[in-house]
Structures are given as C-alpha cells and as structure tokens.
Amino acid sequence: MSDMDEMEDGSGIVKKFMFLNRKAPHGTVYALEGLEVVLITAAFDQDVSMVFTDDGVYQLLKGIDTKGIEVKDFSKTYRALDGYDIEKLYVDQSSIDARGLTEDDLIVDVTVLSVSEMANLMAEQDVVISF
Amino acid sequence: MLHIVNKSATDRGSLESCLAMATKGSAVLLIEDAVYAATTGGAAAAKIQAAAADLKIYALGPDLAARGMAARVLDGVNVVDYAGFVDLVAEHKSCQSWL
C-alpha cells in the first residue's frame with residue numbers, strides 16, 4: 001500500500017494511524033483516553049490500527065466488572081469499534097504469553113502478531129500515537 | 001508492617017522493591033494495577049507465591065473484578081474488600097505505600 005491514498009471525492013487525505021496501547025485499564029487514565037481519541041480519529045475516515053502490547057493487552061480482557069471501584073466500564077466499547085469501521089485490532093503475542101492469557105480471554109476478535117510482524121506494522125504507519 | 005503496592009509489576013519495579021524490603025511476618029496488600037501480580041499465569045505469579053511463605057499477601061477484590069481477574073487469583077492470596085483494607089491499615093503499626 002502507498003503511504004497516502006487520495007480519497008476519490010478529493011475531500012481529504014487518508015493517513016495510516018496506529019494507536020499503541022501499553023497501559024492496563026483503570027490504574028491510569030491512558031486506556032480510556034486512548035479509546036476516546038481513536039473514536040474521534042475514526043470520524044475523520046482515517047486508516048486506523050489499534051495495537052495492544054505490554055500491559056495494554058489487559059484492556060481487552062473479558063469479565064471486567066467495575067461496579068466495585070465506581071468507574072466507567074469502557075471494555076464494552078472495544079466491541080463497538082467495528083461500528084466505527086475500526087476493524088484492525090492487533091495484539092502482541094509475547095505480551096499475552098507473558099501474562100498467561102490467550103486469544104480466548106479477549107473480548108474482541110484480534111489479529112495476534114509476533115514482535116517482528118508488529119515492528120513491520122509500526123514502520124509502515126504515517127502516524128503513531130502512544131497511550 | 002503493611003506494605004501497599006499499586007503499580008503493575010510488569011510496568012514498574014515497585015512490587016520487586018517491596019518484596020525485597022518486606023520482612024518476615026509483614027503484610028503486602030496489592031491494589032489497583034498491582035493486583036495483576038496476584039493472578040495465575042503471569043510473570044509475577046512465582047514471586048508472589050514464593051513471597052507468600054514469609055509474608056501475608058492480600059489483594060483488593062474490587063480492583064481484581066474491575067480488571068476481569070476475580071476468577072484467576074493465586075492460591076495463598078487473601079482477597080479483601082474495602083472494609084478489609086481499612087482493617088489491615090488499623091491492625092498494623094505502620095504502612096508503606098510503594099508509589
């Protein structure tokens with residue numbers, strides 16, 4: 001793929017955006033803020049990839065129940081990303097392995113990548129934004 | 001003494017520092033992102049289980065539930081609620097928060 005594709009109606013340029021999520025949910029505000037920014041970016045019809053590495057993979061766990069800590073449970077929002085045409089979700093294999101997790105533990109369908117595949121994906125982006 | 005850790009062991013070194021300094025018979029309470037260390041399959045699991053021989057290890061239940069980890073708690077880790085948190089603070093002469 002080329003770095004930039006002119007849209008057919010000429011209304012703008014589509015760039016490849018990667019949102020790199022490396023933090024666990026709730027302990028910091030990064031995960032929630034990252035999700036908000038992703039949704040905003042989607043509104044501008046950009047080519048969005050969401051990547052989950054390190055503790056970021058914890059954001060996608062099934063069975064999250066935040067009632068006890070009285071914060072918003074935004075984990076369901078990952079399942080709604082599809083509706084915003086955000087379908088490129090990637091998870092780092094070594095990060096889930098290191099945490100004793102498998103793809104079945106995750107709330108959404110993802111593509112699991114090796115470190116070298118992830119590195120290539122990162123290298124082909126126009127913009128990488130880290131949370 | 002009660003040691004309180006709130007950062008993920010796979011993100012920061014505070015759990016490791018805490019376990020190195022906690023003396024026999026002390027209590028360690030894992031809260032917020034530190035609760036991942038008290039769950040099965042993770043890198044910190046072996047450290048926590050080894051530490052449980054000399055220390056009392058607690059994890060805050062509402063923080064486990066909020067992270068989808070309520071069903072993955074390691075054997076030997078005591079799950080407490082907020083009232084239990086208060087009791088632990090009251091029971092111990094001093095507290096150290098590993099921020």
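Q: What makes a residue buried, exposed or partly exposed?
A: Count neighbours: a residue is buried if 20 or more other C-beta atoms (placed from the backbone) lie within 10 Å of its own, exposed if 12 or fewer, and partly exposed in between. In chain A, buried residues make up 31% of the 131 residues. Keep in mind that this is a predicted model, where local features need pLDDT of at least 70, side-chain atom pairs count only at pLDDT 80 or more, and totals for chains, interfaces and linings use all residues. Residues are numbered from 1 along each chain as its sequence is written, while chains are lettered from A and ligands numbered from 1 in the order in which they are written.

Q: How many helices and strands does chain A have?
A: Helices (H or I, at least four residues) and strands (E, at least two) are DSSP runs, numbered from the N terminus. Chain A has four helices and seven strands, and along the sequence they read β-β-β-α-β-α-β-α-β-α-β.

Q: What about sheets: which order do the five strands take in chain B?
A: Strands of a sheet pair through backbone hydrogen bonds, either parallel or antiparallel. Pairing here takes at least two DSSP bridges between two strands. Chain B has an open sheet ordered β4-β3-β2-β1-β5, with parallel pairing. β4 (77-80) and β5 (95-98) of chain B are at the edges with a single partner strand each, so one side of each has no neighbour in the sheet.

Q: How many bridges join β2 to β3 in chain B?
A: Four bridges link β2 (residues 27-30) of chain B with β3 (residues 56-60) of chain B, and V28(B) stands opposite I57(B) in β3(B).
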